[in-house]
Amino acid sequence: MRLNSFSGAFIGAVALAGLAYVFPMRTSLGQGITENVLTAWVGTYDPANHIYELKMEYGDGTSTDIPMAALPMSDFTNRSSSRLWYTQNDLTAALERAHQQSPSGLEQQLGTHANVAAFGRPFSGSPVAYSTEFLKVLQSKGINPKQFGGPDIPPGTVDYAKLPDGILHIDTLADGNTIHQLLPGQIPPLLLKMNPSVSR
């Protein structure tokens, strides 16, 4: 049986679409995918369902929840909501418990796991950047995100005055569009460019 031109075009289109869903795209930010700019984190507890989660907060007012191992009830100091109880903002123990319960989930939020296109995952998930506010909190607490599977950003190595738009791009390159995946413990390229001594 001979295929008519319509059938041939349809099969070709399906084959191209299939290839597009297998092979990664090098760029994503220019195609409507924006960065999640981290500003803070907070631990939450749902007393009705006994669920603990780490809420990662972004500069646009949105957030993402990650499963978290249990924290002592005394850590949930804000119980003003009838639905969720909250720890204080930026509680180090909440990061530790999220890393214990869901290491890959926390790594994704920190920019070192499944944020960018890869073979079998053609489109970027959610590229990550750290706000100056977030970086200053990490520095004040002596936290290197590397401790939790994130990138290597030793406290005190970021020159805030040199940050473009006040953010440190984690898994984007300097052109603001091409994305590559940082490995856990890898130094962000922008930080290396700003402060070459960090690679000691």
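**A walk through the model**

Guide: Of the protein's 200 residues, 43% count as buried. Keep in mind that this is a predicted model.

Visitor: OK. How many helices and strands are there in the protein?
Guide: Five helices and six strands. Starting at the N terminus, the elements go α-β-β-β-β-α-α-β-α-β-α.

Visitor: And what share of the contacts with a separation of 6 or more comes from residues 24 or more positions apart?
Guide: That share is 59%.

Visitor: Let's go inside. Which residues touch the most other members of the largest nonpolar core?
Guide: Trp41, Leu54, Tyr130 and Leu168 do, in a core of 37 residues. At least two core residues come from each of β1 (36–46), β2 (51–58), α2 (92–101), α3 (103–110), β5 (128–131), α4 (132–140) and α5 (189–194).

Visitor: Take Leu168. What is it in contact with, leaving aside neighbours within four places in sequence?
Guide: Its partners are Ala129, Tyr130, Leu135, Ile153, Leu163, Pro188, Leu190 and Leu191. Tyr130 is also among the core residues that touch the most other members.

Visitor: Switching to α2. Which of its residues are buried?
Guide: Ala94, Leu95 and Ala98 are buried there. They sit on the same side of α2, because the arc they cover around the axis is only 100 degrees.

Visitor: What's in the turn?
Guide: The two strands form a hairpin with four residues between them, and Gly61 in the turn has a positive phi of about 90 degrees.

Visitor: Which residues other than glycine have a positive phi?
Guide: Ala114 is one of them, with phi about 55 degrees, and Asp165 is another, with phi near 60 degrees. For background, most residues other than glycine have a negative phi.

Visitor: Where are those two?
Guide: Ala114 is in the loop between α3 and β5, while Asp165 is in the loop between α4 and β6 (167–169).

Visitor: Is Ala114 buried or exposed? And is Asp165 buried or exposed?
Guide: Ala114 counts as buried at 19% relative accessibility, because the cut-off is under 20%. Asp165 is exposed, with a relative accessible area of 76%.

Visitor: Now aromatics. How many aromatic pairs does a search of the whole structure find?
Guide: Six. Take Tyr45 and Tyr52: their ring centres are 4.7 Å apart and the planes are at 40 degrees, so that pair is tilted.

Visitor: Are those two tyrosines buried or exposed?
Guide: Tyr45 is buried at 6% relative accessible area, and Tyr52 is buried at 18%. Tyr52 also pairs with Phe76, with centres 5.9 Å apart and planes at 50 degrees, so this pair is tilted as well.

Visitor: Which residues do ring pairs link into a cluster?
Guide: Tyr45, Tyr52, Phe76 and Trp85. Look at Trp85 from its face and you'll find Arg79 lying over it, 4.0 Å from the ring centre.

Visitor: Where else does a charge lie over a ring?
Guide: Lys136 lies over the face of Tyr160, at 5.2 Å from the ring centre.

Visitor: One more. What does Thr44 touch, not counting residues up to four places away in sequence?
Guide: Its contacts are Ile51, Tyr52, Glu53, Lys55, Met68, Phe76, Leu84, Trp85 and Tyr86. Three of the residues in the ring cluster, Tyr52, Phe76 and Trp85, are in that list. Thr44 itself is in strand β1 and is buried, with a relative accessible area of 2%.

Note on methods: Residues are numbered from 1 along each chain as its sequence is written. This is a predicted model: local features need pLDDT of at least 70, side-chain atom pairs count only at pLDDT 80 or more; totals for chains, interfaces and linings use all residues. Side-chain values use heavy atoms; hydrogens and water are left out. A nonpolar core is a set of buried Ala, Val, Leu, Ile, Met, Phe, Trp, Tyr and Cys residues joined through side-chain atoms within 4.5 Å. Buried means under 20% relative accessible area, exposed over 50%, partly exposed in between (1.4 Å probe, protein chains only). Contact means heavy atoms within 4.5 Å. Two strands pair if DSSP finds at least two bridges between them. Rings of Phe, Tyr and Trp (its six-membered ring) pair if their centres lie within 6.5 Å; planes under 30 degrees apart count as stacked, over 60 as edge-to-face and the rest as tilted. A charge sits over a ring if NZ of Lys or CZ of Arg is within 6 Å of the ring centre and within 35 degrees of the ring normal. The arc is that of the directions from the helix axis to the C-beta atoms.
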